[in-house]
Amino acid sequence: MEFLETPTRNLFFTGKGGVGKTSMACATAIGLADRGLRVLLVSTDPASNLDEVLATQLSNKQTAVDSVPNLWALNIDPEQAAREYRERMVAPYRGVLPDAAVESMEEQFSGSCTLEIAAFDEFAKLLGDEQATENFDHIIFDTAPTGHTLRLLTLPSAWSGFMETSTSGTSCLGPLAGLQAQQSLYKKTVEALSDQDRTTLVLVTRPEDSALREADRTSGELQVLGVTNQHLVINGVFQAGDASDPIAAAMQARCDQAIAAMPGGLEGLDRTSVPLAGRGLIGVDALRQLGSTNQTVAEPAVAALIDSDQDRETGATLAMDALTDALSAQGHGVILTMGKGGVGKTTVAAGVAVALAEKGFAVHLSTTDPAAHVAATMAADQIDGLTVSRIDPAEEIQAYRDEVMRTAGAALDEQGRALLEEDLRSPCTEEIAVFRAFAQTVAEGEDRIVVLDTAPTGHTVLLLDSALAYHREVTRQSSEMPESVEKLLPRLRDPNFTKVLVVTLPESTPVHEAARLQDDLRRAEIEPFAWVINQSLRPLQLTDPVLRGRQASEAVFIQEVISQHAKRATILPWQASPPTGVEGLRELFLVSTASAASS
């Protein structure tokens, strides 16, 4: 990797979910630590899996990685950061103000904004306060999927601007005095991000059209913010080792075509290509070999793994048409596709929507993912009974502001309206507006089937976990609780109304992250309906050594899903042609049906 020849002190790894950011960040951290440099590896992802990749139990404190001298790691846990932040802000007033006033402050610091600003506060300390990390030569940030990262990186400007123009002295975070004390730190954070001698942004992507487009969008938006020192890593570049293998030939062709059609904004960046590994990249030893072509497993072991339990796997899973029949049994309600970024939630959501519309149901397909490509997946195709939309944050913010000013603002005097307008300019308004739109879309399931392609796991969990906090925020700003918001959690918890499809790839990190998501959902009293194991090589006939190695490595994870996690499961095979447009989506589900029928 060229950026490791003369690395800057701060290295940010970002990109679309599922492209391998954590693997690249860990491999970089291990490589620098192996040179004798002291390295701190930080995850800002609410759904971090650093622990699993490094095989070390981490917390929000710096923890030494035993198997790698000179390497320390930590996860920024938004909820724990919020608890500590809340206590730091409220503690000085205990015993000074009446108990009722302290309780009111605690209530005010229970919103989603507190969660976000607290996580950012931890992040800013590491980047903007050099004394906090003076014992390290390099700080490596493994960031959340792109939408969250963009929000994180734009927060310094957003909060700084809000604090500079706020005249009321209050916000959804409580007294601004506490934030203004941090303003100098936030300013230094922005300076560090835009200093190309100190910070490198490493854009990680797969050799796929959608991932490359998102990397290009991220690159452009961050350059506008002044983050100009950027490097591109294309992870998983595949060269067929057996030209007679039609699947290998198709995979290489898709890879070559995607790189050849790379957006112009990426072509000027320094680039590193990392070949597709023949096995999973879990554990320090595997990460030390990242980029090596010698990662395949011995053929006898591969053959044994491929043969083992393959028939039982297929027999234990449902064909996709049987699953869609079960999903539509009520004739209305909500179907949510959830899972780690990059596992194919959009494709599964679009395929389910098309299948149900073709069965004669009225279906609305929508997304809450700011980086979604529902429109691209559906192409320009239209089907009777199927409508497609996206929850657009900018539109929702404006609509929400207009509504609040029209209702809650109508009875206020000029000064009151000015204060309300100021409050509505705070960064958390976007979250509230999107949440309301999400609730309204779910409510449409009363008289039709709504298929919702949700954002990657961490964001979605925060969205659901924060439901009650959002209730409080909506009430505080608008004085009214929309019925859709009030009924959201009961609707999500009703198995006859909401059916969650947990989508995963047959790999370690996506499966284990999906299992954690399922646990979180169950704690929220939401029971997942089925799992969809997407892009599996198991049903395919292969001869290419790298692909056979990956096919063999899927066995243990498919078995884990079937035997430990899923009440129902479906396997969708990897497709030689991207499953876009109505015909592509039909073909994907037909292959699944044929695969199950032949068992």
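**Exercise 1.** In this predicted model, find which residue lies over the face of Phe529 at 3.9 Å from the ring centre.

*Solution.* Begin at the ring of Phe529 and look for a charged side chain above its face; Arg568 is placed there, at 3.9 Å from the ring centre. Then examine Lys499, which also lies over the face of Phe529, at 5.7 Å from the ring centre. Both distances can be checked against the cut-off for a charge over a ring, which is within 6 Å of the ring centre.

**Exercise 2.** Determine how many aromatic pairs the whole structure holds, and classify them.

*Solution.* A search of the whole structure gives two aromatic pairs. One of them joins Phe12 and Phe141, whose centres are 4.5 Å apart with 10° between the planes; this pair is stacked, because planes under 30 degrees apart count as such. Phe12 belongs to strand β1 and Phe141 to strand β5, 129 residues apart, and the pair thus links distant parts of the chain. Phe12 has 2% relative accessibility and is buried, and Phe141, at 0%, is buried too. Trp72 and Phe136 form an edge-to-face pair, at 5.6 Å centre to centre and with 70° between the planes. Here Trp72 sits in strand β4, while Phe136 is in the loop between α5 and β5, 64 residues apart.

**Exercise 3.** Trace the open sheet and identify its edge strands.

*Solution.* The eight strands follow the order β3-β4-β2-β5-β1-β8-β9-β10, with mixed pairing. The edges are β3 and β10, each of which pairs on one side only.

Conventions:
Residues are numbered from 1 along each chain as its sequence is written. This is a predicted model: local features need pLDDT of at least 70, side-chain atom pairs count only at pLDDT 80 or more; totals for chains, interfaces and linings use all residues. Side-chain values use heavy atoms; hydrogens and water are left out. Two strands pair if DSSP finds at least two bridges between them. Helices (H or I, at least four residues) and strands (E, at least two) are DSSP runs, numbered from the N terminus. Rings of Phe, Tyr and Trp (its six-membered ring) pair if their centres lie within 6.5 Å; planes under 30 degrees apart count as stacked, over 60 as edge-to-face and the rest as tilted. Buried means under 20% relative accessible area, exposed over 50%, partly exposed in between (1.4 Å probe, protein chains only). A charge sits over a ring if NZ of Lys or CZ of Arg is within 6 Å of the ring centre and within 35 degrees of the ring normal.
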